[in-house]
2 protein chains.
Amino acid sequence: MMGELGFEKFNFRKLGEKIGSNESSIYRYFENKHKLLLYLTSWYWGWMEYQLVFATHNILEPTEKLTKAIYMITREITEDSNFSHINEVLLNQIVINEYSKSYLTKEVDEEDKEGYFASYKRLARRLSEMIKQFNPNYKYPSSLASTILGGALHQHFLKDHFSSMTECGGEVTPTEYLTNLVFNVLNQNFNG
Amino acid sequence: MMGELGFEKFNFRKLGEKIGSNESSIYRYFENKHKLLLYLTSWYWGWMEYQLVFATHNILEPTEKLTKAIYMITREITEDSNFSHINEVLLNQIVINEYSKSYLTKEVDEEDKEGYFASYKRLARRLSEMIKQFNPNYKYPSSLASTILGGALHQHFLKDHFSSMTECGGEVTPTEYLTNLVFNVLNQNFNG
DNA sequence: GCTAATATAATAGTATTACTATCATTTTTT
DNA sequence: AAAAAATGATAGTAATACTATTATATTAGC
């Protein structure tokens, strides 16, 4: 429903109606819809981290490991894993369209202290570790990791709404673009 | 005021009070606060385009031209140009914190048709042209341009709120990080 | 199977937001 | 000075984002 209506038009009254429940009941589970967004996106990044770790833990070769990591993070989610009660395809769409609203607020620092962004930061750290492993001389592993994470969501958005601003769409995927980007950056920076 | 309160807490009643004017008068100029954000950010990207063109138009050498372009787009705005009635330092902060909210809506496509994102797209195109000029073989000039634009805002945000996710802050600037990134990508891709 | 604890539903209510409408007054233009 | 345009004051509406209260239903432990 949040995916259908978008975050701003979605609310707990409508959700209550849809699931045959009461608005006030939902408020007992989530303080407000912003907290629900934090919960959902946190869950998403946690799931993503699990996928990432699972897909890369037995790869030792740094190039292959990083390639796989970039793929896991930048691919479009097209099927639900059925591992959980949450539909990851829909959640991926929500994250693309709404994630930045979860931290672009005056309350970020406070909510960050309370741990609401821990899973996102942990995923970014894991990715930056793989970048370091591939090239220990590269000076901006954390920034590059955050660029991959943010850039992937952004490219997915652009291909759907501002196609003139990206080559992605059709044949070319955000994965291809970002994989090329990352390895070219890291190969040039081998000597510091 | 939008910078102080953040977009969601800002509204026309408060603005009216502050400037000694009437809520309904403001509605005669802007349909709603979303449209005001579109207006402000559009103005910002137009101003940015002007700065970019002015700073690069007499540079012929592609490396120098692109270097300058990246600097213009990724630098932190610290002083008001006094060219206009708008404070660019504050507007830069608003763009960092609110810009993505202007397009992450269900109405993007409609508003895009009406031209609300034209200046942003024009700026991106100019940047991508410079990228092409530097390296005509590179396959993703538009995506790279949008990554620079989005990535710069993101890195500025991260250094202020999620410092563990970026090397930027203190000595290192988003300009330095992104300049290194762009040239390393483009230098590797000289042969297609 | 009963009791106590807990969760949910129904209803009502509040403060605020995001507007719209109306009409009087002021300012600007010609 | 008259006409046109902009602004102000006031009121009102529908919706949002909740909170509070109390009754009812469900579940858990013994």
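User: Which residues are closest to DNA strand C?

Analyst: This is a predicted model, in which local features need pLDDT of at least 70, side-chain atom pairs count only at pLDDT 80 or more, and totals for chains, interfaces and linings use all residues. Residues are numbered from 1 along each chain as its sequence is written, chains are lettered from A and ligands numbered from 1 in the order in which they are written, and side-chain values use heavy atoms, with hydrogens and water left out. A residue is near a strand if one of its heavy atoms lies within 4 Å of it. DNA strand C is surrounded by 16 residues, and the closest are A:Ser21, A:Tyr29, B:Arg13, B:Tyr27 and B:Asn32.

User: Which side chain has an N or O atom 3.5 Å from a base nitrogen of DNA strand C?

Analyst: Polar contacts are pairs of N or O atoms within 3.5 Å; within protein, one must be able to donate a hydrogen and the other to accept it, and residues adjacent in sequence count only if both atoms are side-chain atoms. Phosphate oxygens of DNA strand C lie 2.4 Å from the side chain of B:Arg13 and 3.1 Å from that of A:Ser25. The side chain at 3.5 Å from a base nitrogen belongs to B:Glu23.

User: Which element gives the largest share of the surface near DNA strand C?

Analyst: Helices (H or I, at least four residues) and strands (E, at least two) are DSSP runs, numbered from the N terminus. Two or more residues each come from α3 (23–29) of chain A and from α2 (12–18) and α3 (23–29) of chain B. The largest share, four residues, is that of α3(A).

User: What area do domain 1 and domain 2 of chain A bury between them?

Analyst: The bounds, from an automatic or database domain assignment, are 1–30 for domain 1 and 34–191 for domain 2 of chain A. Buried area is the accessible area (1.4 Å probe) that two parts lose on being put together, summed over both. Carbon and sulfur atoms carry 82% of the area between these two domains, and the total is about 700 Å².

User: Which residue forms a salt bridge with A:Glu8?

Analyst: A salt bridge is a side-chain nitrogen of Lys or Arg within 4 Å of a carboxyl oxygen of Asp or Glu. The rule finds one across the interface of domain 1 and domain 2 of chain A. With closest N and O atoms 2.5 Å apart, the partner of A:Glu8 is A:Lys101.
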